[in-house]
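This briefing is for a reader new to the structure shown below.

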Amino acid sequence: ATIGALFGTPVAAALLFMAAQSAWAQTGDAVVIVFDGSGSMWGPLEGTRGSKLVVAREGVRRALTKLAPQTRVGLMSFGHRRGDCGDVEVMRRAEPIDMDRLMVPLERLNPKGRGPLTLALREAAKTLPSDASRRTLVLIHDDADNCQADLCTLAGELRGAGIRAHVISLAPKPEDVA
């Protein structure tokens with residue numbers, strides 16, 4: 001059986017894997033989930049009965065229950081308000097896990113437009129506390145940045161700042177995988 005089959009969906013499997021890694025989190029570790037709110041998240045995810053939005057949201061819910069309670073978790077989204085290339089919102093700063101404060105904004109998320117994921121990652125990195133033992137971004141998305149930002153440059157910036165990034169791609173196009 002594949003990991004995705006064991007946990008219900010590939011998103012849940014990936015998030016639970018990362019949660020297991022974080023189970024040994026030290027006091028002060030910080031994670032910001034960068035959640036795609038672009039219009040394409042309404043699309044179906046092959047092999048599931050739900051949209052990419054619903055599958056990803058449920059994966060986040062499951063993973064949060066597995067994190068160490070002292071882990072500080074924040075939430076950022078993009079493309080969900082105006083749907084333009086500047087549409088990035090900090091929904092919650094990295095604070096000790098509070099399931100309701102993290103999930104309520106995801107329940108209300110209404111994907112709309114473009115996906116400025118590079119800008120969202122850059123802004124999410126700025127919200128990570130500088131006193132964190134480990135600083136991590138988790139990007140959950142379904143398409144490449146369609147705002148023509150240079151993701152490779154950002155990757156170097158994150159590495160230089162000591163920020164780890166995990167990417168969970170939902171049904172990416174083959175040309176976007178690289």
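**Strand pairing**

In this predicted model, V31 stands opposite V73 of strand 2. Strand 1, residues 30-36, runs parallel to strand 2, and seven bridges join the two.

- Between strand 1 and strand 2 the chain passes through helix 3 (residues 52-64), and this β-α-β crossover is right-handed.
- Strand 2 also pairs with strand 3, in the antiparallel sense, over six bridges.
- L75 has R92 in strand 3 as its bridge partner.

**Burial of strand 2**

- Seven of the seven residues of strand 2 are buried, so the strand is largely enclosed by the rest of the structure.
- In a regular strand, side chains alternate between the two faces of the sheet.
- On one side of strand 2 the buried residues are R72, G74, M76 and F78, and on the other they are V73, L75 and S77, so both faces are covered.

**Cysteines**

- One disulfide is found in a search of the whole structure.
- The disulfide is formed by C85 and C147, with their sulfur atoms 2.1 Å apart.
- C85 lies in the loop between strand 2 (72-78) and strand 3 (88-96), and C147 in the loop between strand 4 (135-141) and helix 6 (151-160), so the pair ties together parts that are 62 residues apart in sequence.
- The link of C85 and C147 is left-handed, with -90° about the S-S bond.
- C85 is partly exposed, at 32% relative accessibility, whereas C147 is buried, at 18%.
- C152 is exposed, with a relative accessible area of 63%.

Methods
Residues numbered from 1 in each chain as written. Predicted model: local features only at pLDDT ≥ 70, side-chain atom pairs only at ≥ 80, totals over all residues. Heavy atoms only, no water. Disulfide = S-S within 2.5 Å. Helix = DSSP H or I, 4+ residues; strand = E, 2+ residues; numbered from the N terminus. Buried < 20%, exposed > 50% of the residue type's maximum accessible area, 1.4 Å probe, protein only. Pairing = 2+ DSSP bridges. Right-handed = clockwise from strand over helix to strand, strands pointing away.
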